[in-house]
Amino acid sequence: MTKKMSMSTSKTSLVLFLCQIISALDVPLDSKLLEELSQPPTITQQSPKDYIVDPRENIVIQCEAKGKPPPSFSWTRNGTHFDIDKDAQVTMKPNSGTLVINIMNGGKAEAYEGVYQCTARNERGAAVSNNIVIRPSRSPLWTKEKLEPNHVREGDSLVLHCRPPVGLPPPIIFWMDNAFQRLPQSERVSQGLNGDLYFSNVQPEDTREDYICYARFNHTQTIQQKQPISVKVFSTKPVTERQPVLLTPTGSTSTKVELRGNVLLLECIAAGLPTPVIHWIKEGGELPANRTFFENFKKTLKIIDVSEADSGNYKCIARNALGSVHHVISVTVKAAPYWITAPRNLVLSPGEDGTLICRANGSPKPSISWLANGVPIAIAPEDPSRKVDGDTIIFSHVQERSSAVYQCNASNEYGYLLANAFVNVLAEPPRILTPANKLYQVIADSPALLDCAYFGSPKPEIEWFKGVKGSILRGNEYVFHDNGTLEIPVAQKSNAGTYTCVARNELGKIQNEVQLEIKDPTMIIKQPEYKVIQRYGQVSFECIIKHDSTLLPTVTWLKDNDELPDDERFLVGKDNLTIMNVTDKDDGTYTCIVNTTLDSVSASAVLTVVAAPPTPAIIYARPNPPFDLELTGQLERSIDLSWIPGDENNSPITSFVVEFEDALHEPGVWRYQTEVPGTQTMAQLKLSPYVNYSFRVIAVNRIGRSQPSEPSEQYLTKSASPDENPANVQGIGSEPDNLVITWEPLKGFQSNGPGLQYKVSWRQKDVDDEWTSVIVANVSKYIVSGTPTFVPYEVKVQALNDLGYAPEPSEVIGHSGEDLPMVAPGNVQVHVINSTLAKVHWDPVPLKSVRGHLQGYKVYYWKVQSLSRRSRRHIEKKILTFRGNKTFGMLPGLEPYSSYKLNVRVVNGKGEGPASPDKVFKTPEGVPSSPSFLKITNPTLDSLTLEWGSPTHPNGVLTSYTLKFQPINNTHELGPLVEIRIPANESSLILKNLNYSTRYKFYFNAQTSVGSGSQITEEAVTIMDEAMASRQVDIATQGWFIGLMCAVALLILILLIVCFIRRNKGGKYPVKEKEDAHADPEIQPMKEDDGTFGEYSDAEDHKPLKKGSRTPSDRTVKKEDSDDSLVDYGEGVNGQFNEDGSFIGQYSGKKEKEPAEGNESSEAPSPVNAMNSFV
């Protein structure tokens, strides 16, 4: 698995260098290409510079490298060649430079102490590792000493000295008692950085004989114990109070030197009564925010990641009610060398130039020295193309023999940095990596991207042709990307066909063909519509689509942006969705989504469910509570409970719930016991030992639960040993040196008897250790102190009481506490994919250095500046987290044409590890945003003035603006389109030679070298010619038109008068019905021929007037018109008349409509309208 990962990393690294340095192309990983290219060695993995090993285990010194051909390995020890063939205890892993020194079969680790360095070599050069110092860890025994008891007066100070043996690495110190419990610490009693235990003032409770100092040696996983120290406190009355005195450090001033990037620890511990309080300040400045922490009850000042700016005087002040004392610590921050610019691998073509730059800083300033293939450059073979200039090597007109690996060494008295960087000179003819005859399918009016991934050295030139023998493609219709891709921004059917990509350099030429097909877009031609449906009804939504015949669409329905409910009432058809028996929960938004392999469209509609007409309902209610509870059949582990049900209140009882109360352990708390069907009125209940039971019953129906019944009589069961052990046992460390064992305690009724306790047992996994056990009270946690960092433990917890133990518990696996990761991810590489997206790679850190559960990696990245504006802004760091052991990730949402930095950190359960060195990368140009505004002013007969603002986001260097415009006629049809290219430095333009009184539509956008941005549109009108306006005469002012209208009005008036007279002669009116309804005996109907009244009948009078004969043009009758309007009558509306036929009442029927607002005409009134108003 490790080998595969190493090969993959090697290929990726090589291609990234080829992309970024040779051609800046997006070259895909092609295994055949990578196998053929030569590459000098690169060290990929090595042991740390200061390597402390366990003397009981085999020593493994890592050295892994990649290269083509695969490199061979050799080692030096203490500066001379190390011949591993002559030492039977030393072997080298196959296909690797890693050494394995066999200590477990007779070797001694002390014999292999020294400084080791690995060299990886092939025909292209040699890379070397750091100097790896091998030292076996040591954990010596405590020197024997006679410890006298400490007799201290109450209130005095006391220091218990630990003086641990000198080990490698130094041990971790902690104080415990004979029961292996940590001694409690406070502002009064605390452990110093040197391991001593300080008492600001002693109290009688400090008297004990088991103050024991422990030293834990992590590498050998051993703990050494000092002899117990006895402290006896004697009291004197009264106790004398004293002002503070510093126990450590002594004197009024001291000095401290710390290295950049380390943790600065400053300590002040004071004696005094009352106990002094410690306060810290920095003279002449503030303590650094976000990096300052106070530990050990503010006695220790901790500043992480210190820099030169943290140098200065730090004052600690100890104060109590009687006074104060202070101490000034002068801090000087020095720095081991650190990179400003580490040398980077250089890939060149024959005849090209290049540079290797090695810049480092430190305090004091580090010296820079160069090596070539592991040999000091001063004595290395001459290379006429190479010139060393301090921290820079300049290469001019390189040849293939110039390939080598160079080492830069930056060192001062506090350390050194060693970096390998190769110069690889390649001469390769062009190769096209895109598969031949690759088929691309796109939707019409969408961008088409045709790939031509290539490689060559020197960098090949790329040309595109349409068809096999077509002419070279040029012009604004196409966009040619640096990685060889051809882009057609708006692909049309005419763009379909065969395209040929040609790559050529001075060493050769190659071509490749690809195919492009243009498909019709998918459309929803009938979308779902808003629906309102009554509850329990049926509803259907339509979704009819049109698509390209060669694409297979899939239709998906969603409800409220989620899947449809799994319900047989939802029926999905080919073109519709039907919901049967609609309920309230069906209310919501329904979306039809149509997907093909190339595009996707959707449409939504809302369904509103309303209530059906109400119907009378039966009143239902919760049942009444059961009563008369009775206990029978009492046994140690069971009892019978019976009851009588209450009234069910029109809803049958479905079940009974039995609850119990334990008056012995949890009085007043009722817990669930069991549930039985509603047809059952008795239950056999299982009982636990040592519980004082009471029971109650609750009835349940569809409406809800009844009130609880009255409690039953109490029943106390006998005691027994526990039946079960605690659940949810876990072992998780809270600190790097402990293991916190937790569990869920048994509840009172689970204890089965008095005296509940727990037996907690643990042992380190995969180590032949005996179980360590302790019995604790009824608690839920036990802390095991002094554990190694993050090692697995087997843990178990067993319950016991006064009557015995529970069954043997099962074991669980836990881990001691995590610590922050030690190593930053290496080999961080950034591959810029496009102007808004980049891909970052890194090598995984060794799992042993994680020191905890690997949770993933965090990438911090931020924009440094915009390359177009050259102005810095507030840096806002963004963080992306990649879970698990991923070694790459995508950085989306980048801003085009900008400079970014990033670093990578590994994350475990404790937090983040150190950051990798900041990586700088730049995004290429993109298309700009639309111009910020487009304003059209100063219209004249034949000209308009255009003013505009530059894009808010240029996303590159603006090259020009494009203005397109066309006239619009009165029917909103567009005329011919005119296009103008404008220089990028212009902000206004006067368009001349336009047509007068014409509306124009303008389209305006900006361009960078990448392409055109989105456009902004505007419309404007040129003014009218005054002479032309004077010739346009309103027809309403012409004499002939006025005469004609008057004649028409007179004719209509005569016709209306004739009609009105004929109506007054009478017709068939409902007089008889009126008289019959009133039943007046004095009024009798008579017929006309015998002198009596009767009904008139005139067939013509029943013919309605033509609509519009007096109706206004807007077809309404206004309120101020007469109530006896012939219009209303002519439309068949009944009215009331006198016996002689005259009109006496208002009409009934259709109500008059008010005229619609806003429809008044600005034209001269027509004669017809005038007549209607008159009548």
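Q: Is Glu 563 buried or exposed?
A: Burial is read from relative accessible area: buried is under 20%, exposed over 50%, partly exposed in between (1.4 Å probe, protein chains only). Glu 563 has a relative accessible area of 66%, so the residue is exposed. This is a predicted model, where local features need pLDDT of at least 70, side-chain atom pairs count only at pLDDT 80 or more, and totals for chains, interfaces and linings use all residues. Residues are numbered from 1 along each chain as its sequence is written, and side-chain values use heavy atoms, leaving out hydrogens and water.

Q: Where is Glu 563 found?
A: Helices (H or I, at least four residues) and strands (E, at least two) are DSSP runs, numbered from the N terminus. Glu 563 sits in strand β52, residues 562-563. Its C-alpha atom is 10.0 Å from that of Tyr 590, 27 residues apart along the chain.

Q: What pLDDT does the protein average?
A: pLDDT is the predictor's confidence in each residue, from 0 to 100. The average here is 84, and 86% of the residues score at least 70. Over residues 1-28 the pLDDT is below 50. Over residues 1067-1175 it is also below 50. Where pLDDT is low, the predicted coordinates should not be read in detail.

Q: How many residues does helix α5 have?
A: The expected span of a helix is 1.5 Å times one less than its number of residues. Helix α5, residues 1039-1064, has 26 residues. From first C-alpha to last, α5 reaches 38 Å, close to the 38 Å expected. Its buried residues are Met 1045, Ala 1049, Leu 1056 and Arg 1063.

Q: Which peptide bond to Pro 249 is cis?
A: Most residues other than glycine have a negative phi, and most peptide bonds are trans. The bond from Thr 248 to Pro 249 is cis, with omega near -5°. Pro 249 is in the loop between β20 (242-248) and β21 (253-259). Another cis bond joins Ser 363 and Pro 364, with omega about 5°. Pro 364 lies in the loop between β31 (359-363) and β32 (367-372).

Q: What is the phi of Asn 993?
A: Phi of Asn 993 is near 60°, a positive value in a residue other than glycine. Asn 993 lies in the loop between β83 (988-991) and β84 (999-1007). At 72% relative accessibility, Asn 993 counts as exposed. Asn 649 has a positive phi too, near 55°. At 22% relative accessibility, Asn 649 is partly exposed.

Technical notes: Contact = heavy atoms within 4.5 Å.
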